[in-house]
Amino acid sequence: MKAIAIRTYGDPEGLVVVDLPTPSPAAGQVLITAEAVGVGGVDAVIRRGTLAAYGFKEGHVPGSEVAGTVAAVGDGVDTSWIGRRVWGFTGTGGGYVEQAVVPVREILPLPDGLSAADAVTLGSSGVVAHYALAHARFAPGEAVLVRGAAGSIGIMTVQLAALGGAAAVAVTTSSAERGARLRHLGATHVLDRAGDGGQDAPAGYDVIIDIVAGQDMPSFFDRLNPNGRMVAVGVVAGPPPADFGTKMIAAFRKSLSFATFSADTVTSADRHAVRSEQFAAAGRGELETVVHELLPLDQAVLAHRKMDAGEVFGRIVLTP
């Protein structure tokens, strides 16, 4: 089968098309014939080599979520799954393939009216957005800032904060056109990447959800209200400086909080419960998924070039 592997870490050109044997599902697994593969920010972080210390090796197949039809099941798996349309989570890799092996505990049936492309755009990002706001103890009436709102996680965070009764939902983004699209999704104020601008934008925020991190992250502590909470859910611009906590200590009397959030700390059952609700809501038109572009699987290099160039609004989806 056709797959995409990382030949060398660094630029998108390090991604190559390879032929791999079609896998057979082991006990507790299913084999999904993929119709759609989500291209996530973490895929780019892994491809760049940023997470090499975590054991990623050359030859790694990136991708964490696929949607398609169950073609076979392993021992101990109900055969009624065969032929059903599902979303599946492959973990930190194994998704950029024509056929993916997924633990049965990590699949979810797709409701009628939800496409495979929409499923891989919402599946992981919606769960991260939901639990990031919960991790920040977000409450109705609070002001929220989403830093790096143009990706799939940011887009879902904007919608969930607005639906949750936020008094204001500010976003940082790179252009007026993106800002207008985010306003359509629930943003009330549009700021530049530094967090400046925005007519009548709040002077401070109770919650900041940060998908970007990078060297500029500490400056956003200045934008938190007393008792404000920042939750980092991504590092698409790389890790923050090692001394980023000094900003919080300097503002000691404001009682600020900082946390990271990874969906790995949420049980599979809880993730599935939220994901199922969100899939149903998207099917009813209550949540909007934003697919930036559909590209063939063998154009993964182009997909990653577009991500690195900051051209993507929403999520690129690969189609095997």
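Aspartate 298 is partly exposed in this predicted model. Its relative accessible area is 40%. The residue forms a salt bridge with lysine 2. The closest N and O atoms of this pair are 3.9 Å apart. Aspartate 298 sits in the loop between strand S14 (291-296) and helix H7 (300-308). Lysine 2 belongs to strand S1 (residues 2-6).

Side chains of opposite charge can pair when their charged atoms come close. The structure holds 13 salt bridges. One of them joins arginine 229 and glutamate 142, with the closest N and O atoms 2.9 Å apart. Arginine 229 lies in strand S12 (residues 224-232). Arginine 229 has a relative accessible area of 8%. This value is under 20%, so arginine 229 counts as buried. Glutamate 142 is buried as well, at 15% relative accessibility.

A further salt bridge forms between the side chains of lysine 247 and aspartate 222. The N to O distance here is 2.8 Å. Lysine 247 is part of helix H5 (residues 246-250). Aspartate 222 is found in the loop between strand S11 (205-210) and S12, so this pair connects parts 25 residues apart in sequence. Lysine 247 is partly exposed, with a relative accessible area of 31%. Aspartate 222 is partly exposed too, at 49%. Salt bridges also link Arg47, Arg48 and Asp308 in a network.

Strands S11 and S12 also take part in a sheet. Strands of a sheet pair through backbone hydrogen bonds, either parallel or antiparallel. Here the pairing is parallel. Six strands form this open sheet, in the order S10-S9-S8-S11-S12-S13. Strand S10 (189-191) and strand S13 (257-260) stand at the edges. Each has a single partner strand, so one side of each is left without a neighbour in the sheet. Neighbouring strands are turned by 20° against each other on average, direction ignored.

Strand S8 (residues 143-147) pairs with strand S9 (residues 168-172) in the parallel sense. Five bridges connect the two strands. Valine 146 has valine 171 in S9 as its bridge partner.

How values were computed:
Residues numbered from 1 in each chain as written. Predicted model: local features only at pLDDT ≥ 70, side-chain atom pairs only at ≥ 80, totals over all residues. Heavy atoms only, no water. Pairing = 2+ DSSP bridges. Helix = DSSP H or I, 4+ residues; strand = E, 2+ residues; numbered from the N terminus. Axes fitted to C-alpha atoms, helices over the stretch in contact; angles between N-to-C directions. Salt bridge = Lys/Arg side-chain N within 4 Å of Asp/Glu carboxyl O. Buried < 20%, exposed > 50% of the residue type's maximum accessible area, 1.4 Å probe, protein only.
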